[in-house]
Amino acid sequence: MTNRSDSGSISNIFGAFFEAWLVRQEHFLDELLSAQQRINEARDEDLRDLVYRVLLHYQQYYDEKSRIAQRDVFLVFSPPWFTSFERSLLWIAGYKPGLAFRLLTESVPDLCDGQRVRMARLMEETRVEERALNDKLAKIHESVAAPPLVDVARRYGRFANGEIVEEDVAIDELKSALESVLANSNFLRTTMATKLVDMLSSAQAVRFLAAVAQFQLKIRSLGLERDADEQRELNGGGGGKSPIGNW
């Protein structure tokens with residue numbers, strides 16, 4: 001049983017991990033952009049090594065997130081380590097897998113016909129899996145007559161005389177169902193990304209992974225700026241929002 005202080009501790013632990021992970025993400029982006037600039041001179045094995053290290057970096061994120069979800073899955077569905085803007089874009093506690101196809105199309109325009117056929121097939125398979133997971137999540141809501149997950153998470157954290165107010169069996173069943181759908185969604189994200197990278201040349205993979213990192217860090221930056229603007233307004237600071245905050 002997780003109480004509020006435990007959730008706060010778990011949040012702090014993952015928040016610290018995530019901040020350090022983002023610093024490494026920025027370093028990897030620098031490596032990827034540098035590799036792009038010298039792509040014609042770079043050895044293929046060096047590019048492949050960089051791609052492998054970036055994929056391992058993402059796997060570390062999902063491994064840590066899975067460990068946190070086993071301790072408090074509600075926290076993962078309403079992650080305080082993300083900005084409000086980042087949380088507004090989440091699909092089952094992460095980015096929707098289909099987003100990767102848009103980033104790939106924009107960053108790697110030189111796909112050959114065979115690659116396009118394989119990508120189209122993988123895109124359709126991913127859409128099918130996304131719909132299946134959406135259906136599972138809807139059934140979870142229906143089976144427990146639950147409000148949106150964020151509201152469930154908030155209700156779960158209420159106290160009465162120092163103890164969490166909950167129906168043990170119902171909450172345990174809800175946790176188990178959410179853990180399952182979360183694990184399946186993370187598996188879809190990681191396997192789909194691996195299949196995408198496997199169908200690319202090393203140079204194409206570098207460009208794709210650079211686009212993914214740029215997107216993620218841009219969303220993070222926008223979210224932090226928006227949250228800071230909102231906080232200044234709440235504090236009566238005024239001054240209005242910067243143009244980028246309206247992006």
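This is a predicted model: local features need pLDDT of at least 70, side-chain atom pairs count only at pLDDT 80 or more; totals for chains, interfaces and linings use all residues.
## The chain as a whole

The secondary structure of the chain consists of nine helices and two strands. Read from the N terminus, the elements follow the order α-α-α-α-α-α-α-β-β-α-α. The chain has 247 residues, and 43% of them are buried. Its accessible surface amounts to about 13,400 Å², and carbon and sulfur atoms contribute 52% of that area. Among the contacts in the chain with a separation of 6 or more, 76% join residues 24 or more positions apart.

| Helix pair | Angle between axes | Distance between axes | Crossing |
|---|---|---|---|
| α5 (residues 99-107) and α9 (residues 202-234) | about 120 degrees | 9 Å | right-handed |
| α5 and α6 (residues 113-143) | roughly 160 degrees | within 10 Å | left-handed |
| α2 (residues 44-71) and α9 | about 35 degrees | 9 Å | left-handed |

The pair formed by α5 and α9 may be considered to begin with. Their packing angle is about 120 degrees. That angle makes α5 oblique to α9. On the side of α5, the contact involves L99, A100, R102, L103, L104 and S107, and these meet R207, F208, A211, V212 and F215 in α9. Sorted by class, the residues in this contact of α5 with α9 are eight nonpolar, one polar and two charged.

Helix α5 also packs against α6, where the axes cross at roughly 160 degrees. This makes α5 roughly antiparallel to α6. The residues that form the contact are F101, L104 and T105 of α5, together with M119, L122, M123 and T126 of α6. Five residues of the contact between α5 and α6 are nonpolar, two are polar and none is charged. L104 of α5 takes part in the contact with α9, and L104 also belongs to the contact with α6.

Helix α9 has a further partner in α2, and the angle between these two helices is about 35 degrees. From α2, the residues D44, L47, R48, V51, V54, L55 and Y58 take part. Their counterparts in α9 are S202, A203, A205, V206, L209, V212, A213 and Q216. By class, this contact of α2 with α9 comprises 11 nonpolar, two polar and two charged residues. V212 of α9 is listed in the contact with α2, and V212 also meets α5.

## The loop between α4 and α5

L89 lies in the loop between α4 (84-88) and α5. Its relative accessibility is 34%, so L89 counts as partly exposed. Apart from neighbours within four places in sequence, L89 is in contact with G94, Y95 and I219. L89 and I219 are 130 residues apart in sequence, yet their C-alpha atoms are 9.4 Å apart in space.

I92 is located in the loop between α4 and α5, and A93 is found in the loop between α4 and α5 as well. The backbone angles of these residues deserve attention, as most residues other than glycine have a negative phi. I92 is not a glycine, but its phi is positive, at about 50 degrees. A93 is likewise a residue other than glycine with a positive phi, in this case near 65 degrees.

Are I92 and A93 buried or exposed? The cut-off for a buried residue is a relative accessible area under 20%. I92 has a relative accessible area of 7% and is therefore buried. A93 is at 5% relative accessibility and therefore counts as buried.

## A glutamine in helix α6

Q115 belongs to helix α6. With a relative accessible area of 10%, Q115 is buried. Which residues does Q115 touch, not counting those up to four places away in sequence? They are D110, M199, L200, S201 and Q204. A further pairing concerns Q115 and L196, which are 81 residues apart along the chain. The C-alpha atoms of Q115 and L196 are separated by 9.4 Å.

Definitions and conventions:
Residues are numbered from 1 along each chain as its sequence is written. Side-chain values use heavy atoms; hydrogens and water are left out. Axes are lines fitted to C-alpha atoms, for helices over the stretch in contact, and angles run from 0 to 180 degrees between N-to-C directions. Helices (H or I, at least four residues) and strands (E, at least two) are DSSP runs, numbered from the N terminus. Angles under 35 degrees count as roughly parallel, over 145 as roughly antiparallel, 65 to 115 as roughly perpendicular and the rest as oblique. A crossing is left-handed if the near helix is turned anticlockwise from the far one by less than a right angle, and right-handed if clockwise. Contact means heavy atoms within 4.5 Å. Ala, Val, Leu, Ile, Met, Phe, Trp, Tyr, Cys and Pro count as nonpolar, Asp, Glu, Lys and Arg as charged, and the others, Gly among them, as polar. Buried means under 20% relative accessible area, exposed over 50%, partly exposed in between (1.4 Å probe, protein chains only). Accessible areas come from the Shrake-Rupley method with a 1.4 Å probe; for residues, only the protein chains shown count as cover.
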